[in-house]
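Here are some notes to read alongside the model.

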Amino acid sequence: MSPGQWESEVSYRYLHSDKVFVGTEERPDLYDVGGRLTVNSFDLTATYKVTYRLGLSLTLPFQHADYSTIQGDGMRHTGSAGGLGDMRLLATVWLLDPARHPKGNINIGVGVKAPTGDERAVDNFHQFDGTVILRPVDIAAQPGDGGWGFLLQMQGYQEIIENLYGYISGFYLFNPRDVNGTERPSPAVSLVNTVPDQYLGRIGLSYAIWPSKGLSISLGGRVDGIPVNDAIGDSNGFRRAGYSVYVDPGVNWIFGKNILSLNVPVAVARNVQKTTTANGGGLADFVIVAAFSRQF
C-alpha cells in the first residue's frame, strides 16, 4: 500500500465447543452436564497507510453466541447473546523499508482496546423452583469484557527459496482491570467475572502454487488461549484459563486489489488449566477463519 491508501477488511470466525476438558484430558463422562457453545463473529477493519512503513487500523468486532447449559432447575436450556464487541485501534510499522526488502520483513504493532462491548449481556435463567429470571450469560458468550486494554502485535516473513516463505505472527492482549462486576449465571454463586489477558501465536510456511494468479497455500501451527494470571494487575474473579494448539492449513488468493483467505485450524492438543475458580471447560475441535480485503 502507498501513503494515503485505504484498505477495508471483513473477517469471519466460527467455532463450536461441546467437549469438556479437565487439564489435557477429555472427559466424555461430563458431556451431558457440560456447556455447549457456538460463536459466529465478524470483524470490520479499516486501515489507512500514513507512510510506506506506518499504518493505522480500526477494528469493530461483532459476535453472536448460542449456548446451552444445565441451569438451576437441573434441566438443559438454550440462550444467546451478541452485538458489538470491544473496539481495537492499532498502529503498525515495518522495521525495514518494504520497497528495499520485499523478500523479508517484520511488522510491529501497538494498540488499545476499548470496552465498547456489553460485558453484562443477560438471558433467561431457570431456577430450581420453576421461575425464570434474567441473569448474565456465561463469560464465554459475553460480547465484551468491560476493561480497557493494550496489545502488542508482531508479524514477520522471509523468503526461503523461490515462492516459499516462512511466516510468524502473534499478539498479546494486556487487560489490567481485575474484575468487571458481572455475576455468574447462577444466583447461588457469588463470583463475578475477571477481565483476562489473551494471546495468539502462529508459525509456518507459505508456498505460491500459482504465482501468476496470486494463489498460495500455507501450513503451520497455531496456539491461542487465556493465561491463568494476567501479566499486569490482579487476577481475581471467575476465569477459565487454558490454550489450544492447532495444525493450521490455509489458502490465500490475491487478485487485483483484493485478498481472499481461508484457514481451518484443527486442534491437536488442548489444556484447560486449573484456576482458583475453575478446573474444566470446553474447547473447540476446529476453527474456521475467513477474510476478504480490498485496497482503495
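1. A word on the basis. This is a predicted model, in which local features need pLDDT of at least 70 and side-chain atom pairs count only at pLDDT 80 or more, while totals for chains, interfaces and linings use all residues. Residues are numbered from 1 along each chain as its sequence is written, and side-chain values use heavy atoms, with hydrogens and water left out.

2. Strand 21 and its neighbours. Strands here are DSSP runs of E with at least two residues, numbered from the N terminus, and two strands pair if DSSP finds at least two bridges between them. Strand 21 (residues 287–295) pairs with strand 1 (residues 6–17) in the antiparallel sense, over nine bridges.

3. The order is 3-2-20, with antiparallel pairing. Strand 3 (25–26) and strand 20 (281–282) are the edge strands, each pairing on one side only. Strand 2 (residues 20–22) is joined to strand 3 by two bridges, and V22 has E25 as its bridge partner in strand 3.

4. The nonpolar core around L15. A nonpolar core is a set of buried Ala, Val, Leu, Ile, Met, Phe, Trp, Tyr and Cys residues joined through side-chain atoms within 4.5 Å; buried means under 20% relative accessible area, exposed over 50%, and partly exposed in between, using a 1.4 Å probe and protein chains only. The largest such core has 13 residues, and L15, L37, V39, A65, Y67, V137 and A141 touch the most other members. Strand 4 (36–49) and strand 5 (54–70) are the elements that give two or more residues to this core. Contact means heavy atoms within 4.5 Å; leaving out residues up to four places away in sequence, L15 touches L37, T38, V39, A284, F286 and V287.

5. A salt bridge is a side-chain nitrogen of Lys or Arg within 4 Å of a carboxyl oxygen of Asp or Glu, and the whole structure holds 14 of them. K113 and D145 form one, with their closest N and O atoms 2.9 Å apart. This pair links distant parts of the chain, 32 residues apart: K113 is in strand 8 (residues 104–113), and D145 is in the loop between strand 10 (132–136) and strand 11 (149–161). Both K113 and D145 are buried. R202 and D248 form another salt bridge, with 2.9 Å between the closest N and O atoms. Here the partners are 46 residues apart, R202 in strand 15 (residues 198–210) and D248 in strand 17 (residues 241–255). R202 is partly exposed at 21% relative accessible area, whereas D248 is buried at 0%. Salt bridges with shared partners also join K19, R270 and D285 into one network.

6. R100 and D97 meet through their side chains at 4.0 Å, N to O. R100 is exposed, with 70% relative accessible area, and D97 is partly exposed at 26%.

7. N105, in strand 8, counts as buried at 4% relative accessibility. The N105 side chain reaches the backbone oxygen of L96 at 2.9 Å. Contacts of N105, not counting residues up to four places away in sequence, include D97, Q155 and Y157. S57 lies in strand 5 and is buried, with a relative accessible area of 12%. Beyond neighbours within four places in sequence, S57 is in contact with T45, A46, T47, R88, L89 and L90.

8. A backbone detail to look at. N163 has a positive phi of about 75° although it is not a glycine. N163 is in the loop between strand 11 and strand 12 (164–174) and counts as partly exposed at 23% relative accessibility.

Key:
Helices (H or I, at least four residues) and strands (E, at least two) are DSSP runs, numbered from the N terminus. A polar contact is a pair of N or O atoms within 3.5 Å; within protein, one must be able to donate a hydrogen and the other to accept it, and residues adjacent in sequence count only if both atoms are side-chain atoms.
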